[in-house]
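Biologist: I have a structure open on my screen and would like to learn how to read it. Could you walk me through some of its features?

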Amino acid sequence: MKTMEEYVRCIPDFPEPGIMFRDVTSVLQDPDGLKLAIDSMKGLLDGVDFDLIAGTESRGFMFGVPIAYELGKAFIPIRKKGKLPCETVSERYDLEYGSAEIEMHKDAVKPGQKVVLVDDLIATGGTIEASIKLVEQLGGEVVKIVFLMELAGLKGRERLQGYDVASVITYEGK
């Protein structure tokens, strides 16, 4: 049986020289890789008491929905600004070049609900930090954050101090 790392395709020098791009699509397109990814991420939630799973667009959806389904929990989408039809709360955050804004339905999280955040990758941590702020703005409590992959060299975990963060795979570089 292959390890999770063996399913992740590495593309050198993309998008620029010196970067080793970790491609999650190679995990998604292999049935065994996808099953291992979902099962591994789900395993990081053993013993965690929570009400909802929230995932960021779009790869957080790909992993968050099957985990929510398997555990009998609801799934809350966190989307790019302007994509949700009902009243929303939003949070702006900085990117390497510019900024972005994400939203969640205002009625998605009730005060006191315990939320797990799911995404495919933590790099600088900006997107997930903004997601935390959305959940907390609605009165929810982020009890765990789960990633398939972590690029430790970009120090995203440092932005999430005080939160329970777990990754299936950790790469030391960028």
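Modeller: Gladly, and keep in mind that this model is predicted. Let's begin with the nonpolar cores.

Biologist: How many residues does the largest nonpolar core have, and which have the most contacts inside it?

Modeller: A core gathers buried nonpolar residues joined through their side chains. Here the largest one has 25 residues, and Met104, Leu117, Ile145 and Leu160 have the most contacts inside it. Strands β3, β4, β5, β6, β7 and β8 each give two or more residues to this core, and so does α5. The largest share, 5 residues, comes from α5.

Biologist: What is isoleucine 145 in contact with, leaving aside its neighbours within four places in sequence?

Modeller: Its partners include Leu117, Ile128, Ile132 and Leu160, along with Tyr163, Asp164, Val165 and Ala166. Apart from this core lies another, of 24 residues, with Tyr7, Phe50, Ile67 and Ala68 among them.

Biologist: Let me try threonine 56. Is it buried or exposed?

Modeller: Buried means under 20% relative accessible area. Threonine 56 has 4% relative accessibility, so it counts as buried. You will find threonine 56 in strand β3. Setting aside residues up to four places away in sequence, threonine 56 touches Phe61, Ile78, Val118, Asp119, Thr127, Ile128 and Ser131.

Biologist: And where is glycine 33 found?

Modeller: Look in helix α3, residues 31-43. Glycine 33 is buried, at a relative accessible area of 0%. Beyond its neighbours within four places in sequence, glycine 33 is in contact with Met4, Tyr7 and Val27.

Biologist: Now the rings. How many aromatic pairs does a search of the whole structure find?

Modeller: The search finds 2. In one, phenylalanine 14 and phenylalanine 21 are edge-to-face, 5.2 Å centre to centre with 90 degrees between the planes. Phenylalanine 14 is partly exposed at 44% relative accessible area, and phenylalanine 21 is partly exposed at 31%.

For phenylalanine 61 and phenylalanine 75, the ring centres are 5.8 Å apart and the planes are at 80 degrees, so this pair is edge-to-face. It links distant parts of the chain, with phenylalanine 61 in helix α4 and phenylalanine 75 in strand β4, 14 residues apart.

Biologist: Which residue lies over the face of tyrosine 7?

Modeller: That is lysine 2, at 4.4 Å from the ring centre.

Conventions:
Residues numbered from 1 in each chain as written. Predicted model: local features only at pLDDT ≥ 70, side-chain atom pairs only at ≥ 80, totals over all residues. Heavy atoms only, no water. Helix = DSSP H or I, 4+ residues; strand = E, 2+ residues; numbered from the N terminus. Buried < 20%, exposed > 50% of the residue type's maximum accessible area, 1.4 Å probe, protein only. Contact = heavy atoms within 4.5 Å. Core = buried A, V, L, I, M, F, W, Y, C linked by side-chain atoms within 4.5 Å. Phe/Tyr/Trp six-rings, centres within 6.5 Å; stacked < 30°, edge-to-face > 60°. Lys NZ or Arg CZ within 6 Å of the ring centre and 35° of its normal.
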